[in-house]
Amino acid sequence: MANEPNSVFESSLDKTNLILKDIEQAYGWSKDRRNQSFAALRTVLHLLRDRLPVQESVEFSAQLPVLVRGVYFDGWDPSNVPIKLNREDFLFEVRQGFPYETEGGPERVVQVVLDTLRRHVTQGEWADVRATMPGDLAKMIP
């Protein structure tokens, strides 16, 4: 029994590292750029969270590792969502939250993170997330 909490946290850490590694591999980054992969994940997660209706946001988050779920909800105010963002607003906010220069700019950051997240949640949940987005944002979601 004493090891159960540790195994939950270790499992969450392992799953989180897989997500970050997927982002790094998409860019060809080494592990020493973990701060960048984390910043990309955090930025896109927060914008996605703030654009989703509360119920959908909660349902999506339930499929994330506990550690990523904590990042996802950090600073969230459900009374202020969904925030109406079009594609250009979304990309502007990515530029603001992700201070690194990367190949492909903010569009590529969004593409890489969303493609990574899509592989770590069920197909049905991903379809639900995509269905809640306005047309111009839905086109960005794989």
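What share of the contacts in the chain with a separation of 6 or more comes from residues 24 or more positions apart? The share is 68%, where contact means heavy atoms within 4.5 Å.

Before going on, some ground rules. This is a predicted model, in which local features need pLDDT of at least 70 and side-chain atom pairs count only at pLDDT 80 or more, while totals for chains, interfaces and linings use all residues. Residues are numbered from 1 along each chain as its sequence is written, and side-chain values use heavy atoms, with hydrogens and water left out.

The overall picture comes next. The chain has 8 helices and 0 strands; helices (H or I, at least four residues) and strands (E, at least two) are DSSP runs, numbered from the N terminus. The C-alpha trace spans about 50 × 35 × 25 Å along its principal axes. For 142 residues, a compact globule would have a radius of gyration near 14 Å, and the chain's 15 Å agrees with that. That radius is taken over C-alpha atoms, and the globule rule is 2.2 Å times the number of residues to the power 0.38.

Of the 142 residues, 42% are buried. Buried means under 20% relative accessible area, exposed over 50%, and partly exposed in between, with a 1.4 Å probe and protein chains only. The chain exposes about 7800 Å², and carbon and sulfur atoms supply 51% of that.

Helix H2, residues 34-51, and helix H6, residues 105-120, pack at an angle of about 80 degrees, with their axes 9 Å apart. H2 is therefore roughly perpendicular to H6, a label for angles of 65 to 115 degrees. H2 brings Ala40, Leu41, Val44, Leu45 and Leu48 to the contact, and H6 brings Val109, Val110, Val113, Leu114 and Leu117. These residues divide into 10 nonpolar, no polar and no charged.

Leaving aside residues up to four places away in sequence, Glu24 touches Trp29, Ser30, Lys31, Arg33, Arg34 and Ser37.

Gln55 lies in helix H3, residues 54-61, and counts as exposed at 52% relative accessibility.

Conventions. Axes fitted to C-alpha atoms, helices over the stretch in contact; angles between N-to-C directions. Parallel < 35°, antiparallel > 145°, perpendicular 65-115°, else oblique. Nonpolar A, V, L, I, M, F, W, Y, C, P; charged D, E, K, R; others polar. Areas by Shrake-Rupley, 256 points an atom, 1.4 Å probe, with all protein chains shown as cover.
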